[in-house]
Amino acid sequence: TVTPGESLWTIARNYGTTVEAIQQANGVWDSTIYAGQTLVIPGAQGGSAPRSAPESRIAPVSRGTRFSQEDVYLMAQLITAEAQGEPYEGQVAVGAVILNRVKSPLFPNTISGVIYEQYQFEPVMNGAIYNQPTASAVNAAREAINGWDPSYGALYFFNPSKTSNGFLWSRPYKTTIGNHRFTG
């Protein structure tokens, strides 16, 4: 179990293995780990095969829906790419838009389906989605998953100074946070 302040590098050093071996054993392809997360350590007793995600790695959401740490991480990547430098409330609102889409019959019913839906998010098209998320974005994703929706149910957001997209401007206004306008 990961303790606060540990990194994959320190864990690998302490157990006499490599970061790459831990990543492969856990299906993790970046270096982000979380305090409380359970990792399989290759070569450690009982650590030769990955286990399914333990209960502590899954964040609960209303209506019994549950999302994995991978979902939280993907949301945080999009929040970082779309809302880095925006107020924290705006970062949470971007995460809430993703979840509002998951709940809507107009969009795919998974976080990855919503995020990777064609032509929906510029960071997916330009590759910025693959940058490591900020700690603020990870926290914002978790807060959205746990029910905070400062977007008031919005399905879309955009920067009014950067778009002339008639469809986005035609949607019912919900709120403005920082540089983003949130619409229904």
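Author: E6 touches T1, I11 and I33, with residues up to four places away in sequence left out of the count; a contact means heavy atoms within 4.5 Å. The model is a predicted one, in which local features need pLDDT of at least 70 and side-chain atom pairs count only at pLDDT 80 or more, while totals for chains, interfaces and linings use all residues. Residues are numbered from 1 along each chain as its sequence is written, and side-chain values use heavy atoms, with hydrogens and water left out.

E6 belongs to the segment before α1; helices (H or I, at least four residues) and strands (E, at least two) are DSSP runs, numbered from the N terminus. With a relative accessibility of 26%, E6 counts as partly exposed, a class that lies between buried (under 20% relative accessible area) and exposed (over 50%), computed with a 1.4 Å probe on protein chains only. Its C-alpha atom is 8.6 Å from that of Y34, although E6 and Y34 are 28 residues apart in sequence.

Helix α1 itself spans residues 8-15, and its buried residues are L8, T10, I11 and A12. I11, one of these buried residues, is also among the residues that E6 touches. The cover over the buried residues of α1 includes α2, residues 19-26. Just after α1, G16 adopts a positive phi of about 70°.

How do α1 and α2 cross? Two packed helices are described by the angle between their axes and the distance between the axes. For α1 and α2, the axes come within 8 Å and cross at roughly 105°. The axes are lines fitted to C-alpha atoms, for helices over the stretch in contact, and angles run from 0 to 180 degrees between N-to-C directions. On the α1 side the contact is made by L8, W9, I11 and A12, and on the α2 side by V19, I22 and Q23. By class, the contact of α1 with α2 holds six nonpolar residues, one polar residue and no charged residues; Ala, Val, Leu, Ile, Met, Phe, Trp, Tyr, Cys and Pro count as nonpolar, Asp, Glu, Lys and Arg as charged, and the others, Gly among them, as polar.

Beyond this part, the protein has eight helices and five strands, arranged along the sequence as α-α-β-β-α-α-α-α-α-β-α-β-β. It comprises 184 residues, of which 45% count as buried. Of the contacts between residues at least 6 apart in sequence, 57% join residues at least 24 apart.

T80 touches Q132, P133, T134 and A137, residues up to four places away in sequence not being counted. The C-alpha atoms of T80 and A135 are 9.2 Å apart, while 55 residues separate the two along the chain.

The structure holds six aromatic pairs, where rings of Phe, Tyr and Trp (its six-membered ring) pair if their centres lie within 6.5 Å, and planes under 30 degrees apart count as stacked, over 60 as edge-to-face and the rest as tilted. The ring centres of Y88 and W148 are 6.3 Å apart and the planes stand at 45°, so this pair is tilted. Y88 lies in helix α4 (residues 88-103) and W148 in the loop between α7 (135-145) and β3 (156-158), so the pair ties together parts 60 residues apart in sequence. Y88 is partly exposed at 28% relative accessibility, and W148 is partly exposed at 34%. The rings of F157 and F182, with centres 5.9 Å apart and planes at 35°, also form a tilted pair. Since F157 lies in strand β3 and F182 in strand β5 (residues 180-183), that pair ties together parts 25 residues apart in sequence. Both F157 and F182 are buried.

Strand β5 also holds T183, which counts as buried at 0% relative accessibility. Residues touched by T183, leaving out those up to four places away in sequence, include A154, L155, Y156 and F158. Y156 in turn forms one aromatic cluster with F107 and F167.
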